[in-house]
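Me: I am new to reading protein structures. Could you walk me through this one, feature by feature?

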Amino acid sequence: MEEKLKAEEKKIGMTEAWLRKHRLLHTGATRHPFILSIRDGTVDIAAFKTWLAQDYLFVRAFVPFAASVLIKAYKESDDNTDMEVILGGVAALKDEISWFKNEANKWGISLSNVVPQKPNKNYCGLLDSLTRPEVEYSVAITAFWAIEAVYQESFAHCLGEGSQTPQELKETCERWGNEGFGRYCQSLQNIANLHLQKASDDELKNAEVALLSVLEHEVEFWNMSCASV
């Protein structure tokens, strides 16, 4: 049985195997009621504004984490394309922060007055813990991919066939739900899978825990947005 599981993991990749193993949690993170309310056009704009303001703070905390993954790729990966893919993601964060500022202005949100709520603080705490030097690259890149992939899958769903996403929210959904971002997430997943193939048993356990932590924090982040209304 164990050999069969390992063969399946090798065939589909460790990250996909974990997503299938933890399907309920993955679905909770990518098909959360907040996301579904955007897709069906019933979203409360107050909830959206809460998400927007809190996510701006999260992205700022995401920058040093992304930089730490880039450093780990430089030190621990033999494949130069790792750095190139991750560097592209890091470089895009400057534009992303500017986008959040513009959106906040559009919605009348004063970002200077936004205070991080507890779920946001907890999630940022996870990011901070993953920047530690002792965290293996395979673990960090798995978490990095998972964070990006949850948004890609969630917002792509808001753009899929039959969606009734409000016109004023389509730009937000397209930012993470577009095909280009999807290809970027696939590249990150490929990198993670490659390094997980060579990882020790302890590293695999740590990477799976990191993935689960990301999914749990994503659910709580969406919950936080809904709880504002």
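Predicted model: local features only at pLDDT ≥ 70, side-chain atom pairs only at ≥ 80, totals over all residues.

Me: Which residues does the UniProt domain annotation cover?
Reply: The unreviewed UniProt entry carries the annotation "domain: Thiaminase-2/PQQC" for residues 20-226. UniProt positions are given in the numbering used here, feature names are shortened, and annotations may be inferred rather than shown by experiment. That span is 79% helix and 0% strand, and its end C-alpha atoms lie 27 Å apart. Helices (H or I, at least four residues) and strands (E, at least two) are DSSP runs, numbered from the N terminus.

Me: Which residues of the largest nonpolar core touch the most other members?
Reply: In soluble globular proteins, nonpolar side chains tend to be buried together. A nonpolar core is a set of buried Ala, Val, Leu, Ile, Met, Phe, Trp, Tyr and Cys residues joined through side-chain atoms within 4.5 Å. Buried means under 20% relative accessible area, exposed over 50%, and partly exposed in between (1.4 Å probe, protein chains only). Here the largest core has 73 residues, and those touching the most other members are Trp51, Phe62, Phe65, Ile141, Phe144 and Phe155. Helix H5 gives the most to this core, with 15 residues.

Me: What does Val69 touch?
Reply: Contact means heavy atoms within 4.5 Å. Val69 sits in helix H5 and is buried, at 0% relative accessibility. Leaving aside residues up to four places away in sequence, Val69 touches Ile86, Tyr137, Ala140, Ile141 and Phe144. With the same exclusion, Ile141 touches Val69, Ile86, Leu188, Ile191 and Ala192.

Me: Where do the buried residues of H9 fall around its axis?
Reply: Helix H9 (residues 170-177) has Thr172, Cys173, Trp176 and Gly177 as its buried residues. Seen down the axis, they fall within an arc of 110°, so they line one face of the helix. The arc is that of the directions from the helix axis to the C-beta atoms. Among the elements covering these residues are helix H4 (33-39), helix H5 (45-76) and helix H10 (179-197).

Me: How many disulfides does a search of the whole structure find?
Reply: A disulfide is a covalent bond between the sulfur atoms of two cysteines. The test is a pair of cysteine sulfur atoms within 2.5 Å, and the search finds 0 disulfides. For Cys158, the closest cysteine sulfur is in Cys173, 4.2 Å away, which is too far for a bond. Cys158 is buried at 0% relative accessible area, and Cys173 is buried at 1%.

Me: How many salt bridges are there by the rule used here?
Reply: Side chains of opposite charge can pair when their charged atoms come close. The rule asks for a side-chain nitrogen of Lys or Arg within 4 Å of a carboxyl oxygen of Asp or Glu, and the count comes to 6 salt bridges. One of them joins Lys21 and Glu208 (2.9 Å, N to O). This pair links distant parts of the chain, with Lys21 in helix H2 and Glu208 in helix H11, 187 residues apart. Lys21 is exposed at 57%, whereas Glu208 is buried at 16%. Asp95 also forms a salt bridge with Arg175, and Glu103, Lys106 and Glu171 are linked in a network of salt bridges.

Definitions and conventions:
Residues numbered from 1 in each chain as written. Heavy atoms only, no water.
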